[in-house]
Amino acid sequence: MKMLHGKAERSMTLYELLGKMQPKPDTNSMCFADFWQALEKRGFGPMLAMPAFIASTPIGAIPGVPSLTGVTILLIALQILLGRRHPWLPNAIMKLEIEGDHLHTAVTKMKPYALRVDRFLIPRWFFMRQPIFRSLIALSCALCGLIMVPLELVPFMGLIPAVAVLIMAIGMATDDGAVALLGLSIATCGFLLRLSGQQIMQGLT
């Protein structure tokens with residue numbers, strides 16, 4: 001609850017978060033259980049960032065990955081809403097594997113940018129840790145995860161909710177309430193645009 005008490009200490013940096021996701025160069029594949037072991041003690045923010053980051057990289061273009069990461073995000077976000085203290089995933093997801101070379105390449109490319117972004121990530125806007133805002137973020141992440149499943153049928157459309165979740169998760173992981181609110185705003189705008197588009201299509205038909 002650092003943000004409620006106004007302590008200017010980050011739980012972790014974005015560079016550190018990416019480092020936790022990076023497999024060793026000689027690793028052929030990594031399963032979700034490996035990520036879980038590296039991140040589970042760091043809270044729900046890093047756990048949400050993990051599948052969102054995967055879906056936001058070229059790995060997210062592999063058939064089945066958007067649905068898998070979307071379901072993972074949905075399950076983790078629902079646990080935040082239910083007030084669970086520690087995240088949990090079923091064994092079926094924990095045993096799934098991701099090719100190590102692809103993930104290593106994606107993380108390596110992002111690390112220099114992470115160092116630059118870390119300069120702007122600071123503990124602030126502590127009110128975002130209050131239950132109402134935490135619930136709004138969790139609900140938005142759950143909805144983003146849910147819509148990622150059908151959006152897999154449309155190339156690259158699952159990237160939009162994945163990025164929104166990633167931004168919210170980074171804000172949670174680094175105790176930056178401003179970034180968490182930015183992600184929440186992006187997700188909200190996405191939902192509104194989707195609803196507007198559906199209404200327009202219905203009107204045309």
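**Note on the predicted model**

1. The chain's secondary structure amounts to 10 helices and two strands, where helices (H or I, at least four residues) and strands (E, at least two) are DSSP runs numbered from the N terminus. Read from the N terminus on, the elements follow the order α-α-β-α-α-α-α-β-α-α-α-α.

2. This is a predicted model, in which local features need pLDDT of at least 70 and side-chain atom pairs count only at pLDDT 80 or more, while totals for chains, interfaces and linings use all residues. Residues are numbered from 1 along each chain as its sequence is written, and side-chain values use heavy atoms, with hydrogens and water left out.

3. Of the 205 residues in the chain, 44% are buried, a term that stands for under 20% relative accessible area, with exposed meaning over 50% and partly exposed in between (1.4 Å probe, protein chains only). The chain exposes about 11,000 Å², and carbon and sulfur atoms supply 65% of that area; accessible areas come from the Shrake-Rupley method with a 1.4 Å probe, and for residues only the protein chains shown count as cover. Among contacts (heavy atoms within 4.5 Å) between residues at least 6 apart in sequence, 76% join residues at least 24 apart.

4. Strand β1 (residues 29-31) includes Cys 31, which counts as buried because its relative accessibility is 18%. Leaving aside neighbours within four places in sequence, Cys 31 is in contact with Met 94, Lys 95, Leu 96 and Glu 97. Ile 98 is 67 residues from Cys 31 in sequence, yet their C-alpha atoms are 6.0 Å apart in space.

5. The structure holds zero disulfides, a disulfide being a pair of cysteine sulfur atoms within 2.5 Å. Cys 141 is in no disulfide, and the nearest cysteine sulfur to its own, that of Cys 144, is 6.4 Å away. Seen from Cys 144, the closest cysteine sulfur is that of Cys 141, and the 6.4 Å between them is too far for a bond. Both residues count as buried, Cys 141 at 0% relative accessibility and Cys 144 at 2%.

6. Gln 79 has its place in helix α5 (residues 65-81), and its relative accessibility of 6% is why Gln 79 counts as buried. With neighbours within four places in sequence left aside, the contacts of Gln 79 are Phe 44, Arg 84, His 86, Pro 87 and Trp 88.

7. The second largest pocket has a volume of about 260 Å³. On a 1 Å grid over the protein atoms alone, a pocket is an open set of points with protein on both sides within 12 Å along at least five of seven lines, whereas a cavity is a set where a 1.4 Å probe fits but cannot get out; lining residues have an atom within 4 Å of a point. Grid points are joined across faces, edges and corners, and a volume is the space filled by probe spheres set on the points.

8. This second largest pocket is lined by 18 residues, and those nearest its centre are Gly 60, Ala 61, Pro 66, Pro 155 and Phe 156. The elements that give two or more residues to the lining are α4 (44-56) and α8 (131-151). By class, the lining has 13 nonpolar, four polar and one charged residues, where Ala, Val, Leu, Ile, Met, Phe, Trp, Tyr, Cys and Pro count as nonpolar, Asp, Glu, Lys and Arg as charged, and the others, Gly among them, as polar.

9. Asp 175 lies in the loop between α9 (159-173) and α10 (177-204). Its phi is near 60°, a positive value in a residue other than glycine, and Asp 175 is buried, with a relative accessible area of 1%.
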